[in-house]
Structures are given as C-alpha cells and as structure tokens.
Amino acid sequence: MDSPAWQAGEMTITKFHELLRIDPSIGPELVNEYLEAIKQYDGTLKSLIIINSTALETAIEKATETLTFNQTNKPFPPLHSVPIILKDNYSTADLPTSAGVKALQKLRTKDDSEVVSQLRAAGAIILAKANLHEFALQGITLSSLGGQTLNPYDKTRTPGGSSGGTGAALAANFALAGCGTDTMNSLRSPASACGVVGFRPSTGRVSCVGIVPVSATQDAAGPMGRSVGDVRILYGVMKRPDGEKVDSMEVSEATSRTSRQVRIGVLEAYFQSEIYEDGTLELEYIAENQIVQDIIRLSLDSIQEQDADITFVPIAPSSHPDWSYGTLFAKADTQAFEFKHYLDEFLQSPLVSSTPHRSLESIAQSGEFDLQAMTHVFSAALEDPETFSLASEAYRSRLEYIAALKESVKQCFDRYELDALVYPHQTQLPVKIGANKQSGRNGVLAALTGRPAICIPAGQSPKTVSAMLGVPVGLELMGRRWEDDELLDIAERVEGVLKGRVNPILH
C-alpha cells in the first residue's frame, strides 16, 4: 500500500470521508486500489461485466473538489468521491446496460436511470457494472454475458442472486458500496451468501424508472454494502426526494410506542427447509439447514443477552396462513405475467437510444442468451400469451391473493405488536456451481407485501477444504410498510451485537 495509514479493505463511507479531510489524494488512491484488486482477483470471481474506464479520471477531478470543500470547510455531498458498483440492469448513459444478456450487450440509453442520476448528483463515482443472473430471473448469478460468478468464500458455490455480482464484488472489497435490485430475493440472497448487507426498501420508495424491469408489482431497487451504516447512507441518496411514496393513499403502520423497546417476531415457519413434492428432503439439505438454524438461533440468543431493549416473540406457524415459498410462488408471484409486457415496454421506450432487440420475442429468436440461466418467467408469455398477460383472470387472481397476503401480515404485526419479523434469509447454504436454482430462500414475503427487509451477516458455516473461513449465513429482518428508517435502526443495533462480517481470503 502507498498509504500505510489506511487500508482499502473494509473501508466505510464515513471513514473514507474522514480521510479525505486529511488528504484529498486518498480519493484517487482508493479507486486505484479497487482497480488493482479487480485486476488481480475478478478474472476468477467474474463479479463484474464492465469497468468504467473514466472512473480514475473522475476520482482525480473530485480530488480537486475535495480540496475546495476542505478549504471552505463545507460538508461533503453524501457520496462525494465514493466508488460504487451498479448491477448491470441500471441504465447508464456512459456505459452499456445489458441485464447480463448477450443479445443486449450493445444496448445503450440516452440517459441514466433516475436513481443513477441521484447517485451521481450526490457525488458517487460509477466504478463498474456487475454481473447478475440473466435478466435478474434466478438466484445463482449465471449469465450469457458475464458467465458464472463465484462465491468469494467458497469458489465451489454460487454467490446467490440475482444481484450476485454486486454481492461478490463488495465481499471481495472491489468498491465502497453497490446497488442491486430485488424482485423475489435478489438483494438479500447475495447478501446472505456473500457476508454483506442487502436492503430491499419498501416497494416504491426507490425509483425503478430506467432499470431493466421484471415485475412492476414486485421490483425494488436498493443498496448493498459491508455495513448497515454504508447501506443507510446509500439509501438516503437513492430514495425518492423527500421520502415521496408512489401511492400517497398508503400510510405508515407506525405504532404509538415511543420507547427504545423493540418487539421482533421470530417467524418459526421460515426456519425449516422446504419439503419436496414427493415428501423427501436430501440429507445434505437437512445437515445444512441445521447449520443455518444453529447460527441464527445463536445470533438471537446473543442479541437477547446484549440488548435488553429487544424482545423476541415466537410466531408459531399455526398463528398465520401458509406463507411458505412454495405456496406464495404458486399463488401470488407475478413475474411470468408481467415480464414480457414490461421488458418490451422498456426496450421500446425513448430512453433506449440503440439496441439490437426491441422485444423479448426477438431476443428469444436470436438465441443469444444462456438457456441454463433461463426460467419459466422467460418463456411463459411467449408460449401462452393468453394466460400470461395483464388481462388474464389468472393474473387478477394473483393480485387478489397478494392483497389478502398483505392483510394477513399486517394482522400478524398488529396482533403481536411487532416492529419486525426475523428469520434466516436462506434455510440452506448457497448451492454448488452447476445447480440451476437456489431453493430455500425466504425473501418472497417482503417482495409480495412491499415491506422493507434487510439481510445482515450472522455468522459462518464450519470450515471446509473449499471454504477456509466457512460460508456466510444471513439473518433477515422484515419491517412495517414505509418504516424503512426504523428497520435500519433495528438492523444497526443487531449488527452491533453480531459483528458477523468476515473479510474473505482471496487467492
């Protein structure tokens, strides 16, 4: 390192800004450190699709701004000189936007997406765009353009997904913070798998305009980082101005309690592995689930012991309707009904200045995608446009089911006077490379109800030959609708107790 007084690894935004007050040259130096780390390790990890060739030049320009801020004693903008990584479904005017799809490798947009404009206005430097599971449709981060991203803690395993490139890059200390999207699990799954923090804000709190869509009902954009503090700073920039909500008729579910006492429901139904249709459960999954349960239960015990103002309330499966992934996916998930409609709308929008394809059908005919990465969502509306459309009875039925689900979750929160629910994000470890999906994920409840949810590192699985430090396990907290900041408050308290983040050993 050129500057022995600081280390790029595990840098935080707050610490970085403190260092810039002492020495403005640390801004470009940090970008250089990240670029060197990417050059050294990302050939193996495959977390990134494209590196911004002007990032260092921008950092040098901002160093001059830093000098002015320091001389005039003015506060820095919240993301001043902060190098961040964007999932490659965020539109950027200066870089292609591919959604990981080879067919869209040359797609260009006239402008940044709304949230990227906000990030740049707050001083952020776009360092790179990350690999993702193709079209953001699954949780193993495999794409025809970026290949298979590996988990930095165990290269035989996936990094979760679909925002797995961002998660792996942040775990490996390739940037200060990053952004992803979440339609079912996609910010929190890689956070769990890669030992970082992933925050899904209340649906609608962060603009998705200019982000390659999957489902208007379920899509959310949000921040990722190595700490809740960094995620909070990034979220403060990303959210709509003045906390604007898409639907002003929806109100916060704020409780009248003003004490520091926090009541968290332990969602017992989300601790067990999903049973397969034939009623069996593989021995490997049983063993992994026990590892996950032990880590999360131990975490809850630690929180209870060290923070007397947090009370855990057991929520028995019999006290609420069936919220299992299998049931919610079968009866409520809207992706297959909305994907084609909203993707076509995006590809044909004035935002897109050039693209080889203006429709999902054209992409499908091109064959320029990874068939292994595709799911039913990709093909549904092409094969059965009558059923999988916004006008079908089956779609309306799902929206009705979602409305009932929202009410049942609200009733649970009200009955037990809860501030949040807690559960493992995944009931098993990240799957091995070659698996076609990541099962056992619990993110769907927040995605369908529009509630804020955050996944933070809780611990590591036992060490193995391929995982010298073990594999991360994430604890998820889901809060009340629109009470995003309140959930972040709780998450910071929990993080302060657990201190679950472990820096990986890269080689």
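Author: Helices here are DSSP runs of H or I with at least four residues, numbered from the N terminus. The model is a predicted one.

Reader: Which helices each supply at least two residues of the lining of the largest pocket?

Author: The largest pocket has a volume of about 840 Å³, and of the 40 residues that line it, those closest to its centre are Gln138, Tyr325, Phe329, Lys437 and Gln438. The helices that each give at least two residues to this lining are H9 (325–331), H10 (335–347) and H12 (376–383).

Reader: How do the residues of the lining of the largest pocket divide into nonpolar, polar and charged?

Author: Gly is counted as polar in this division, whereas Tyr and Cys are counted as nonpolar. On that basis, the lining of the largest pocket divides into 15 nonpolar, 19 polar and 6 charged residues.

Reader: Which elements give two or more residues to the lining of the second largest pocket?

Author: About 720 Å³ of space lies in the second largest pocket, and 30 residues line it, with Cys208, Ser215, Ala216, Thr217 and Asp219 nearest its centre. The elements that contribute two or more residues to this lining are H10, helix H13 (393–415) and helix H14 (444–449).

Reader: How many charged residues are in the lining of the second largest pocket?

Author: The lining of the second largest pocket includes 15 nonpolar residues. Beside these stand 8 polar residues, and the charged ones number 7.

Reader: Which strand gives the largest share of the lining of the second largest cavity?

Author: The second largest cavity, with a volume of about 30 Å³, is lined by Ser192, Val292, Gln426, Gln428, Leu429, Pro430, Pro472, Val473 and Gly474. By class, this lining has 5 nonpolar and 4 polar residues, and no charged ones. The largest share, 3 residues, comes from residues 472–479, that is, from strand S15.

Technical notes:
Residues are numbered from 1 along each chain as its sequence is written. This is a predicted model: local features need pLDDT of at least 70, side-chain atom pairs count only at pLDDT 80 or more; totals for chains, interfaces and linings use all residues. Side-chain values use heavy atoms; hydrogens and water are left out. On a 1 Å grid over the protein atoms alone, a cavity is a set of points where a 1.4 Å probe fits but cannot get out, and a pocket is an open set with protein on both sides within 12 Å along at least five of seven lines; lining residues have an atom within 4 Å of a point. Grid points are joined across faces, edges and corners, and a volume is the space filled by probe spheres set on the points.
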